[in-house]
Amino acid sequence: MKKIAIKRDIFIKIGLILLSLFLLFLFIWLGFSFYSMQGGNEYLIPIINLEEELDRKVAYESLNREGNYLEYRYKIVTYQIAFEEDKYVLYAYAYDFLDSYEDIEDAKFVYELDKDKGKFDFETLEWGQPFYITLRYRVDKDFNYFIDYSVSLLKKFISGELSMDSKGEFTIKRDMNNWEIEVLEPVILE
Amino acid sequence: MRLLNNNKFLYKNRMKKTGRFLTIISMFVLLPLFFLIISSSIIEAACWCNGTTRVCDATDTCKTYQYNPREIDCIECTSSNGWDYCVEGRDGGATGWIYECCKNEYTYDYNSPYCTGDDDDPIDDDDDDDDPIQCIICTPLACLDPVTSSAPVNPPFSATDYFLDNLYSCLDGEGCDPRTTRYTDCYEILSPQPDPSILPHHELKETTLGFVSETYTGAGRYSIENGDIKDDRVNDGLPIINVEDTGDNEFYMEATFKDGDQIIEAVYFWFSKSSEKPVTPKVIDLDGVGGNAPKTQNDESFGFMLHKEGNSWIPYIGSGEKALDVWKKASYSNNIFAVKGPGRQDMVNVILNQNNITVTDSGKKVVVKSSLSFKEKSSPYSLLDVLKGGKYNIWLMANDTFGFTPHDNYNYLPNNARNTPIKNAIHNKWITNERIRYYNQWIDSGEDWNIDFESPNIENFTIGPATYGKTIVSVAWQFVDDIDFSTLVLNILESEDSLVPNPIVLQKIVSDGGATYIDSKFPFNPPMFSTDEEVMKNLNIGHLNYNLNKYAIKMSGGTGNVRKMQLELDLGEVGQGYLYFYLTAFDKGGNVARGGYVKLDTRDWIVTYGGLLYSAGGSDFPVRTLIEGRDEEPLGWSTKNPPLNDIKFAYADLSSELVGEDIEGVIPVSPVKSVDTLNYHIPSYSVIDVSSYYNSLKAAFEKRKDSLNIVKPFGENVGTISGLLFQFHIANQGVPTQERIALIEAPANLTVNSDFNCNGKGIIFVNGNLTIVGKIVNGKTEKDACIFVVKGDVTIDYDGPVSGNEMAYDQINAYILADKITTITKEVKTYTSYDAIYVNGGLHSLEGFVIGRNLKIQDRLRFPALVVRNNSKYGVFAETLFGTEDTLQTTEVGYK
């Protein structure tokens, strides 16, 4: 049986080449990410991963970007409000729940609002009165944002979902900064 | 390389083995599978020829038909691509005929027999798979109980509230173009709501003053004395007494709710001052989540609901406003819960014993006995005092199953194509099982309940002379309450036995707003007043029951919450003392206005307007304390001429302040009106204990006698004087008229007849008793002066009426100093009016006064029986007669 002798240098060279390629990849990847996440160049725009019943059961009416803020606006109706020491607990459903559900029991959800993140006198609400609730999230383009953006960009690239012609979305998780309520004309229920 | 060849060899061998293996597998697995599939396809046919025998599926109706047609039972046949050739018929039937085994009906068309309905027949529209697709228009489900296609007639709410839009739906068949979704709209089937009624039941137990109200709750006093509860709060449910155990003596309300078809799930009570239908929550908080702490939105209404939960009726009370206005579960223990006020404080306590709720008729009839209390639960002495008083309309409402919370009304139905849409539609319409359908179907029960927490007042309770009749007094007062007058009782007591010698007669009643009931006990003999509390307590003054309280009059009813009332009473020849008038009035809530009593001083009184009325033994003459602005000048005061016309009434009491410095062992006290009059006391520089005016003054006079121009117009040993002091025909006896002094010395008694006219200056020493018959007049009031110094008693007697029917003053224009008692006698003649005495000068008595003169009560209340008025002429004249050696008497000097 013939023994094949392999020189150690080869491994080192291969290692160095791979490392160089990896660093090159990192450089390109992160560099491209950093470049593209700057204003106007994004290939991906952020959306908040709400992971809450409100978002699962109510389709937001609008998603606006105001500076560093993302605003989600939902049109809902409450049927019960509980006042706790530091929060309001809304028992609610989507205003247009019939578009998605046959039975309102499936559309109901509970959502908590921190009292220190917004102000509203719920005693002014009529029974069955719909309102817009706007949830505002601050999204700074900081290091966390860069990491989220870069990773998402790479994933989209690998999966082939990344398009140079249109902007995709990527999900981030942030805490809500404040909320706001805008009351709509009441629906008169006898 | 060898190695590789070997490997190839081995590989080939393996491949061969594998091929065999696969072949075997194919034979044993695939072939049976193939046959299985083939046979399955055969089995699918309902009838077929198995090669020798016609075979039919047992469940199918399968017949064999001959071509011509003729039915024959083919027992042997061959299969030939859908056609069966009969090889041998039963019982020698023909062979060679062509037959078809059909599941359904058989037919033929020329030489082509076929089975109708089989998939391969050439006919369209025969419900087999080869039919062309046709448009089948669908029909959605119809409205069947518990829904209907008929709109409700005269429903409580708009018909749309019961409308179930697009309840059922279906889509036209595939052959339709376009395919249309078709709907059925339905209505819920209405259920009439329960009929409510209520019957307030008032307390039968009287208050301590015997008051009972059928329509009011009051705020009377609650106390415990010697272990006995005295609860004067009429119609208040606390302390709790079980209605069932007390024979309905207590205050409660019995409400009845009846439904015709469904069980009653909730009953409601609302009390409101407004006649507008109550606005109450649309939602009940069944899960304890949501809403604010309970409160009622104003202090002029309150209410509660009872919801049946299990075997209990749980009380709920209102909370919040708008979306937060929900029925919240009340804090309910020991059979009490509180309805909260606007400030979330306890406003009304509701007493509800579950045993007093009766459910009958399979839950379709509910009777609730409950009571209300406005006392604090923990301390029934105190009132909650939140709710405003007034008349409260009682509103009632009840919900049966249909009217309460519709959200869960149809959950009992099993899920299927008919029921599930109903359940979903109701869920979507009513959102939650806490929303009440008929939340506002309040019905005015027609019953009211009144609440009065404010005590009434008795104002301007006065007694004075009437405008007519000499013995009639007017007793007047004004009742003031925030709501309404109910009843009053007037008690009259006398200070002395037989003070009123004849029963008091009621002359007249005047009552603004009238009266519906008067229980007059006039002519009335007043019971005796006593300073003994126990005696007074036993009189039960103010009690409404005559058996317990001998009142003079009781009056009830009429209209108005501010009522002026007046009684005119004939007191007759009332004596010297006091009459006590007690007035006790009740408003309709049993709240008591105790006017206390007004003490009518029936004694004659005196006025010493700067004059001297001195009694060495002290004085107990009735005097008045007059306050300017409060005490109005009596009618006729200013026309009493003399002496009242120039005495301002408000100042008439000024010199009634007497200081008896000579009272042994008694340190003089400040005059009663010192604070008001800012008076001061001028002490004497020497006070001589005068034991006898007669002796002292006669001695002083004797010393100065010779220096005076003395004349004796009546001579010596005078016993009676009458006529003029100085007869005009008598010569001046050598002295100027203005300087002469008449000296009259009576060695024993002296009588001054009524026609005596002191028309000059005179000094009269009486070594016995002095009797003045009626009056002593002056010729010139500002100059003439007579001073009487009497060793014995002085009697001022009467002498017929001075003037007609109106009281007038007998004038005594003299200064009288008596060593003994001075008596002003009573007029005993039957006159319409009695006369008073006016002393223009002074009266001194070392042993006291007896003022027997009295006036008719009407005059007595207005005018003093004795007026003693100072006149400086006596001071000057006395100095002439007696010198200035001694201070005879100290007097108070004040100004106002």
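Of the 896 residues in chain B, 48% are buried, where buried denotes a relative accessible area under 20%, exposed one over 50%, and partly exposed a value in between (1.4 Å probe, protein chains only). This is a predicted model, in which local features need pLDDT of at least 70 and side-chain atom pairs count only at pLDDT 80 or more, while totals for chains, interfaces and linings use all residues. Residues are numbered from 1 along each chain as its sequence is written, chains are lettered from A and ligands numbered from 1 in the order in which they are written, and side-chain values use heavy atoms, with hydrogens and water left out.

The accessible surface of chain B amounts to about 42500 Å², and carbon and sulfur atoms contribute 49% of that area; the areas come from the Shrake-Rupley method with a 1.4 Å probe, and for residues only the protein chains shown count as cover. Chain B contains 7 helices and 55 strands, these being DSSP runs numbered from the N terminus (helices H or I, at least four residues; strands E, at least two). Among contacts in chain B with a separation of 6 or more, 71% involve residues 24 or more positions apart, a contact being heavy atoms within 4.5 Å.

**Aromatic pairs and charges over rings**

Rings of Phe, Tyr and Trp (its six-membered ring) are paired if their centres lie within 6.5 Å; planes under 30 degrees apart are stacked, over 60 edge-to-face, and the rest tilted. Under this criterion there are 53 aromatic pairs over all chains. One of them joins A:Phe83 and A:Tyr88 edge-to-face, with 5.6 Å from centre to centre and 85 degrees between the planes. A:Phe83 is partly exposed at 28% relative accessible area, whereas A:Tyr88 is buried at 12%. In chain B, B:Phe529 and B:Tyr580 are stacked, with 3.8 Å from centre to centre and 10 degrees between the planes. B:Phe529 belongs to the loop between strand S32 (517-520) and helix H3 (533-538) of chain B, and B:Tyr580 to strand S35 (residues 578-587) of chain B, so this pair ties together parts that are 51 residues apart in sequence. Both partners are buried: B:Phe529 has a relative accessible area of 18%, and B:Tyr580 has 6% relative accessibility.

Ring pairs also link A:Phe83, A:Tyr88, A:Phe120, A:Phe122 and A:Trp179 into a cluster.

A charge is taken to sit over a ring if NZ of Lys or CZ of Arg is within 6 Å of the ring centre and within 35 degrees of the ring normal. Two such arrangements are listed below.

| Charged residue | Ring | Distance to ring centre |
|---|---|---|
| A:Arg73 | A:Tyr132 | 3.8 Å |
| B:Lys521 | B:Tyr546 | 4.2 Å |

**A parallel sheet**

In chain B, 6 strands form an open sheet with parallel pairing, in the order S40-S42-S45-S48-S51-S54; two strands pair if DSSP finds at least two bridges between them. Strand S40 (720-721) and strand S54 (849-851) of chain B are the edge strands, each pairing on one side only. S40(B) runs parallel to strand S42 (residues 750-752) of chain B and is joined to it by 2 bridges. Across this pairing, B:Ile721 stands opposite B:Val752 in S42(B).

**Backbone geometry**

The peptide bond from B:Asp177 to B:Pro178 is cis, with omega near 0 degrees, and B:Pro178 lies in the loop between strand S11 (163-171) and strand S12 (181-188) of chain B. Another cis peptide bond joins B:Phe522 and B:Pro523, with omega of about -5 degrees; B:Pro523 is in the loop between S32 and H3 of chain B.

B:Ser362, although not a glycine, has a positive phi of about 55 degrees. B:Ser362 is located in the loop between strand S24 (346-360) and strand S25 (365-373) of chain B and is exposed at 65% relative accessibility. B:Asn460 has a positive phi near 50 degrees; this residue lies in strand S28 (residues 457-465) of chain B and is exposed at 55% relative accessibility.

**Surroundings of B:Gln858**

B:Gln858 is placed in helix H6 (residues 857-860) of chain B and is buried at 5% relative accessibility. A polar atom of the B:Gln858 side chain lies 2.7 Å from the backbone oxygen of B:Ala466. The side chain of B:Gln858 also makes a polar contact of 3.4 Å with the side chain of B:Arg862. A polar contact is a pair of N or O atoms within 3.5 Å; within protein, one must be able to donate a hydrogen and the other to accept it, and residues adjacent in sequence count only if both atoms are side-chain atoms. Leaving aside neighbours within four places in sequence, the contacts of B:Gln858 include B:Pro465, B:Thr467, B:Tyr468 and B:Ile472.
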